[in-house]
Amino acid sequence: MPDMKTRWDIFCTVVDNFGDIGVTWRLSRQLVAEHGVEVRLWVDDLRAFERLCPQIDIHAGRQWHQGVEVCQWSADWQPVEAADVVIAAFACQLPGAYMDAMAQRDKTPLWMNLDYLSAEDWVIGCHGLPSVKYKHVQKHFFFPGFHKGTGGLLRESGLLERRRQFQQSPEAQQTFLQGLGVDRAPGALLISLFAYENSGLASWLDTLASDSMPTHLLVPQGRILGDVERWLSVQDLQAGALHVRDALTVQVLPFVRQDQYDQLLWCCDFNAVRGEDSFVRAQWAGRPMLWHIYQQEEDVHLDKLEAFLSLYTKDLSPAAGEAISGLWRAWNAGETMTDHWQSTRKHWPQLQNHAETWCLEQALHTDLAAALVQFYVNWI
Ligand code: TRH
């Protein structure tokens, strides 16, 4: 273990959406809570942060939350001493004066780039390799991942036990859902929907509405709401809105705190998630899921999608693997979901078991925060 006084600086630029801040905030909290290190989290957009953590004061230059020193990363950078470990999240560019401060330290800091998550094989070979240098300070690649030999996934200690207890308690789930104004209809399939704009949504909602079984769809406020509004032929959906179309109940939720979002995923039978952090949290929820991957230039995201699918489906029967892969591909292409949803439902028990098995398998790997600390220990 590094000594208690090890100081870490984590830099986060909010490119768009919530993934950048979502990942770095989660990592910062875990490093403080479980590894006894001091963390300064430098963020250039506190408004995005406030959505995940309403206690954030968007005007404060410095503030402490859950043991993390949250610092406004303003364009007008004021010199500070560099930390022992410096993490640039998602290849963000550190302030020039901070890089000089790293180079001036008596003891050179460990400088890492925390990369985006991918299930592609090449990640294993690149994880931990040296990247660029600034003066004599060497930067290293740190890749999260699903394979042994990568940096793993963010997973707080005791997370799966907390999740299991919650899922075993109908009362805890009911109390949580009622707090969000959700009164779960008995026998209804509960689905959460967090996604980018998607032209395939209407066909999925049509299918759910005409199903023999009721569905209750929970939609936290966000980019998909425009498609929901078009399907419902309503405007300006707000949190709390509830609309019933045949077998389908659609309910809009507020954008909840990050820990509440976990509980929402734990309550639902099926979770549609997106990007990076919600995608990982849905896996820890141990329930079948649907991933809307973040779109990248030249469709490179499609390779990432296929890499994950081939890993995720390898222990499923060919028919179940085909069904869930077809659903995910259609969703990511914005295509009609009807047949794929119906095929997926045919393999439901198998997909449910698999979601739990996959979660347990992934939890055998060292979690990302522990892997970062271990990397540092090996490096000093
Ligand atoms: O918001 P995202 O689309 O973020 C994306 C991805 O990270 C992508 O890889 C990246 O390149 C891009 O941002 C810039 O999806 P993601 O990663 O799931 O982040 C959402 C965060 O919001 C996650 O931490 C969960 C959290 N969240 C809540 O806290 N409350 C909510 O109600 C919801 C729906 C999400």
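Modeller: One term comes up throughout: a salt bridge is a side-chain nitrogen of Lys or Arg within 4 Å of a carboxyl oxygen of Asp or Glu. Please note that this is a predicted model.

Biologist: How many salt bridges does the structure hold?

Modeller: There are 16 salt bridges. One of them joins the side chains of Arg 230 and Asp 227, at 3.1 Å from N to O.

Biologist: Where do Arg 230 and Asp 227 lie?

Modeller: Both belong to helix α8 (residues 225-232); because they are three residues apart there, about one helical turn separates them.

Biologist: Is Arg 230 buried or exposed, and what about Asp 227?

Modeller: Arg 230 is exposed, at 59% relative accessibility, whereas Asp 227 is buried, at 14%.

Biologist: Moving on, which residue forms a salt bridge with Arg 257?

Modeller: Its partner is Asp 259, with the closest N and O atoms 3.1 Å apart. Arg 257 is partly exposed, with a relative accessible area of 31%, and Asp 259 is also partly exposed, at 40%.

Biologist: And what links Asp 262 to Arg 281?

Modeller: A salt bridge between their side chains, at 2.9 Å from N to O. Asp 262 sits in helix α9 (residues 258-267) and Arg 281 in helix α10 (residues 277-285), so the contact ties together parts 19 residues apart in sequence. Asp 262 is buried, with a relative accessible area of 7%, and Arg 281 is buried at 1%.

Biologist: Which residues are in their network?

Modeller: Through salt bridges that share partners, Arg 26, Glu 156, Asp 262, Asp 277 and Arg 281 form one network.

Note on methods: Residues are numbered from 1 along each chain as its sequence is written. This is a predicted model: local features need pLDDT of at least 70, side-chain atom pairs count only at pLDDT 80 or more; totals for chains, interfaces and linings use all residues. Side-chain values use heavy atoms; hydrogens and water are left out. Helices (H or I, at least four residues) and strands (E, at least two) are DSSP runs, numbered from the N terminus. Buried means under 20% relative accessible area, exposed over 50%, partly exposed in between (1.4 Å probe, protein chains only).
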